[in-house]
Amino acid sequence: MNRLISICCTLLVVSVLVGTMVDASAAIKVKRIGRSLNSMTPPIRGAAAPAWNMSTGLRSIGKQTRNYFTVDTLGSGQTGGPTWTLVSKPGGSVAVLDSANGNFINSFTADLVGEYVVSATVGTQSANDTVFASTYAGTGSDPQAGCFCHPTAGAIKTAWENTRHAKIFKDGMTGYLEVELGKGAYATACIKCHTSGWQPLADNNNFGFQAKATGFDTTWYQGLQFYNGDYWIPTGDTSRYVLLNANQRAAASIGCESCHGPAADHKTTADRKKIGKSIDSDACNQCHDGSRRHSIGTYFDLSLHAKVPNGGAAVGGRANCQPCHTGKGFLYYLDHNKDTTGLAAQWNLATDAGTQISCQVCHDPHSATNPAQLRTITLKGDSLRNGYILPANLRSGVGLLCANCHSSRYGVNVRITTTPPYYGWTDRFYPHYNMQADMLFGSNGYQYGDTSFTGLGTHQGLEGGCVTCHMQGRKNRLDGSANELANHSFSMTDTTYATGVWKPVDACITCHGEIEDFNDIRAFYDIDRNGRIDGVQTEIHGLLDALKARLPLDSLTGEPVTMRKDSLRVKNRPDLIQGIWNYYFVKYDKSYGVHNTKYAARLLYRALGWTPLSVKELPGTPTEFALDQNYPNPFNPTTSIRFSVPKEGQVKLDVYDMTGSLVKTILDEAVRSGNKEVVWDGTNNSGAKVASGMYLYRIQSNNFTAVKKMIMLK
């Protein structure tokens, strides 16, 4: 199938590309940046909180609010600290920049409505950024207010009205949040993020200023029960909500202006420069990166998704790469039915390559299709990009949102050919990075013509797919609390801010019991055949090391060669090319067997020329060694042999003919205790089918030996 989009490069490659890109012709940039509670130094807490100097980083800013800027010199060749100037401001404004020259972050407070231009000079280059200060028009339930005058506003408004954003303030004020025993919990701190533009000291028609001016902020909770930091409102009690006047209700929601900035001037003039639109996480972090329960933004900033935009610049603006390297590219991909044909014509490297894989990329602020407002999409054609069509029961679920980028850009059937020179690309003969979906679903490895294990899986039954583990609830200790948050770092190794409280393997406990580390999940048998049973990841590492020892290595990296420049080292050796593909397919998956132990092991076995073995686990806990009669018997072409081992140890299972000659060693591995089953396919050690007749099979384990007969009939 056509290759639609590229996938996200690893941080290593991104950093190498970005770190070596120095183009003296590239310009410095002045950028607006948001400020959340947790990004302040120190974070705002307690008595300082009412000042609420939050910033969305949008072009449209509130009058009398503080706004922040930084300088990006990446690739410009310019060094040294910036010299700042507020070069333009409305007549009569007395606004000044807050920081001295040399600081890479600066700010100012917009005292009047109008346009402000901030400039910075680094070395021989200068750049500026323009913002427009306005007041809030209010959105609320008025279809003519704020941005609901747009032609498509009917659909947007209808969808938005059913979102948690639209209803959360009213729900809180009427006792529908965190309900216990007929009462809902609410607090004054909640209101700051459940309304539009909270700035009680800024006279710009935001809800906070109105609430302070009318006294609502100090009266709404009077007479309510106060317990554990919250006021408790009888569920369905509207007596407090009805105290709001019409103007207050217009701002009493997380409405359009919360995400797009104050819109009074834009509403009057329809001037696009007087409204903000961004997919950067800063707009969300004004509320989703605060204290206690709201530190999602802090975790997101640790993620590779937050850092991927550098990759967008590093790939040189190639439009087919952008859907998985940048937020804007991915939204274009979704909006155009997963087709990137027209993206190149409208791509702007200077602005679009810097967009994050941010909150708005995965969540649709206007949609109410699910509580998390996740974009729910499937793979195009229900298949991975190599053409593997997923089974019907795996074609839905929120994890497929991730799979659109986390599946291999290249199909093995294209890259690994059956005719010289055994690779089908002009530069490299290894899989692109981030083929996690391919690994999870058991496809796109080099299978040496064996389709019997296509679709083989270990974790395919997880209800949410990727998100079940990568977005599991994690405990947060940012301010001494222990609230559970969705893991927006997406990492399965990071324990930042959560030492001793949250472990990435917490999601595994339901199936694997109390474990502390992934390697506590032990393999069912000795996968790498080193004579002992280790954790799954250690076993897969062992297979990778065994395969690496057979492949030509790059003298600089110590890893198998990958580039066309190395083609003479693999000339007329398709086995090496195939082995290199499987080596990197498993290595770049990065889970080392956790995503799909069975498929990873089978690929590496094939590349090593080892006979794949699948030891099936059966129910029960044996107390003694046993060897059962094979079934079926007589058989053709395969038969199953069950045995029991009460303790871990080496198990050897051999087949002999009636003269006592060894026909096949079915198993010679360290095996964990339990009831087991293996299958003999009726072949000898050379792979040839055996003749009809009677055979003996013998098991040896510890001091136990047993022999039984079986019959092959053709």
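This is a predicted model: local features need pLDDT of at least 70, side-chain atom pairs count only at pLDDT 80 or more; totals for chains, interfaces and linings use all residues.
I found an open sheet of 3 strands in the order 1-3-5, and the pairing is antiparallel. Which strands sit at the edges? They are strand 1 (29-33) and strand 5 (105-109), and each pairs on one side only.

Next I checked how strand 1 is joined to strand 3 (residues 66-72). I noted 5 bridges between these antiparallel strands. For Lys31, I found the bridge partner in strand 3 to be Thr70.

**Helix 14**

Then I went to helix 14 (residues 327-335). Here 7 of the 9 residues are buried, so the helix is largely enclosed by the rest of the structure. I listed the buried ones: Gly327, Gly329, Phe330, Leu331, Tyr332, Tyr333 and Leu334. What covers them? The cover includes helix 13 (322-325), helix 15 (343-346), helix 17 (359-362) and helix 18 (399-403).

Thr326 caps the N-terminal end of helix 14, with a side-chain oxygen 3.1 Å from the backbone nitrogen of Gly329. Following the helix comes Asn337, and its phi is positive, near 55°.

**Helix 24**

Last, I checked the length of helix 24 (residues 574-589). At 1.5 Å a residue, its 16 residues should span 22 Å, and the end C-alpha atoms are 23 Å apart, which agrees. I found helix 24 mostly covered, with 13 of its 16 residues buried. Just after helix 24, I noted that Lys590 has a positive phi of about 75°.

Conventions
Residues are numbered from 1 along each chain as its sequence is written. Side-chain values use heavy atoms; hydrogens and water are left out. Two strands pair if DSSP finds at least two bridges between them. Helices (H or I, at least four residues) and strands (E, at least two) are DSSP runs, numbered from the N terminus. The expected span of a helix is 1.5 Å times one less than its number of residues. Buried means under 20% relative accessible area, exposed over 50%, partly exposed in between (1.4 Å probe, protein chains only). Contact means heavy atoms within 4.5 Å. A polar contact is a pair of N or O atoms within 3.5 Å; within protein, one must be able to donate a hydrogen and the other to accept it, and residues adjacent in sequence count only if both atoms are side-chain atoms.
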